[in-house]
Amino acid sequence: MQAFANAWTKACQTPGGVVSVPAKNTFLLSGGEFVGPCNGLTVFQIDGTLVASTDPKLDDLKYWITFDNVDGLNVVGNGVFNGSGPSSWAQCRSSSNCKNRPTSLKIHAVSDATISGITSLNSKMFHITINNSKNVRIANVQITAPADSPNTDGIHISKSSYVDITESSIGTGDDCVSIGDGASNVNISGVACGPGHGISIGSLGKYAGEQDVSEITVSNCNLTNTDNGLRIKTFAPSMSSNVVSDVTYSDIALNNVKNPIIIDQHYCPNRACNSGGESGVQINGVKFINVHGTSATRLGVSLQCSKTGPCQDILFSGLQLTVGGGSPATASCSNANSRFLSSNPSGCT
């Protein structure tokens, strides 16, 4: 660990400095905090493999590897971040307390960053989180964990702007991409998702003071054998009254997806939520354009919005969803102002 810390300090102080993990080399790393500010662009070149410790005492850490307060960062190469997730998944499956496991890679307070070519394998919890950052580009990455691995979200974005995720393959035990509060100008394109829980906005409304989510674009993505497809989820009752707006899903291919399109404003992940009240999160300006494919269930579209703040301006254009053998999927809507143009299903029941 100290060798990597020393290498980072030297690279951070040198414009264009490089920390290198050579190909065909494997290093056990209990944790790493790579902190700026740095003197110009800093490169973390990983062509070998970094392996997280299986010591259960380290599962209390929130993060395995952190990049913090860096302006100009490249995490690139053909190497692997191996989070050693199986060592903690078994304990998590047998206990309701799964909160204190480390995310593999945290990007915090970083600007002008590129993450490209890498593989994130078997994280103990989330694979990559992007928080309080801007101008982050993720391209050609592979994120992998088994379908039954708990809470292994692929990429989670919060309080960040101008984030691009392109041409990547993500298969996990939770959301392929999850978008939290304060995210804006996020572009997701060319992502193959599955297994997993789909591409989600939320959950939102769990905490007071959450920020709005806006300008989200998801295009040219493929989702296969996922538990959900395109999802927006908010708690009810909610602790905040933030707004989700200007969201566009276009040219999305769905293959055997259980819940292809779902807005759930009564989200409750563990059935222990307070069932009284409505969500105060407002959802408006959501477009589904040329979304097509097969649903694993007859219900292809579910819009279950808040009674106190119904969903506004929900548009479906060119939607084509069928069930397995080719029969049409259905749509169910509650408290939603929606329009269906040249679509199948053609409207709500």
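Across which strands does helix H1 (residues 2–12) lie? Helix H1 lies across S3 and strand S6 (63–68). Its direction is at about 10° to S3. Helices (H or I, at least four residues) and strands (E, at least two) are DSSP runs, numbered from the N terminus. Contact means heavy atoms within 4.5 Å. Axes are lines fitted to C-alpha atoms, for helices over the stretch in contact, and angles run from 0 to 180 degrees between N-to-C directions.

The model is predicted: local features need pLDDT of at least 70, side-chain atom pairs count only at pLDDT 80 or more, and totals for chains, interfaces and linings use all residues. Residues are numbered from 1 along each chain as its sequence is written, and side-chain values use heavy atoms, with hydrogens and water left out.

S3 and S6 belong to an open sheet of 11 strands. The strand order is S3-S6-S9-S12-S15-S17-S19-S22-S24-S26-S30, and the pairing is parallel. Strand S3 (32–35) and strand S30 (330–334) form the edges, each pairing on one side only. From one strand to the next, the twist averages 15°. Two strands count as paired if DSSP finds at least two bridges between them. Strands of a sheet pair through backbone hydrogen bonds, either parallel or antiparallel.

Five bridges join S22 to strand S24 (residues 261–267), and the two run parallel. Phe 235 has Tyr 267 in S24 as its bridge partner.

Further parallel pairing involves strand S23 (residues 243–257). Strand S20 (residues 213–219) pairs with S23 over six bridges, in the parallel sense. Here Ser 214 stands opposite Ser 245. Strand S21 (residues 222–224) also pairs with S23 in the parallel sense, over three bridges. Leu 223 stands opposite Leu 254 in S23. Strand S25 (residues 282–295) is joined to S23 by 11 bridges, again running parallel. Val 243 stands opposite Gln 282 in S25.

Side-chain charge pairing was examined next. Side chains of opposite charge can pair when their charged atoms come close. A search of the whole structure finds six salt bridges. The criterion is a side-chain nitrogen of Lys or Arg within 4 Å of a carboxyl oxygen of Asp or Glu.

Asp 175 lies in the loop between strand S16 (161–171) and strand S17 (177–179), and Arg 231 in strand S22, so the pair ties together parts that are 56 residues apart in sequence. Asp 175 is buried at 1% relative accessibility. Arg 231 is buried too, with a relative accessible area of 8%. Buried means under 20% relative accessible area, exposed over 50%, and partly exposed in between (1.4 Å probe, protein chains only).

Asp 175 also meets Lys 233 in a salt bridge (3.4 Å, N to O). This pair links the loop between S16 and S17 to strand S22, across 58 residues. Both Asp 175 and Lys 233 are buried.

A further salt bridge joins Arg 339 and Asp 313, whose closest N and O atoms are 4.0 Å apart. Arg 339 sits in strand S31 (residues 336–341) and Asp 313 in strand S27 (residues 311–317), 26 residues apart. Arg 339 is partly exposed, with a relative accessible area of 45%. Asp 313 is partly exposed at 39% relative accessibility. Elsewhere, salt bridges that share partners join Asp 175, Arg 231 and Lys 233 into one network.
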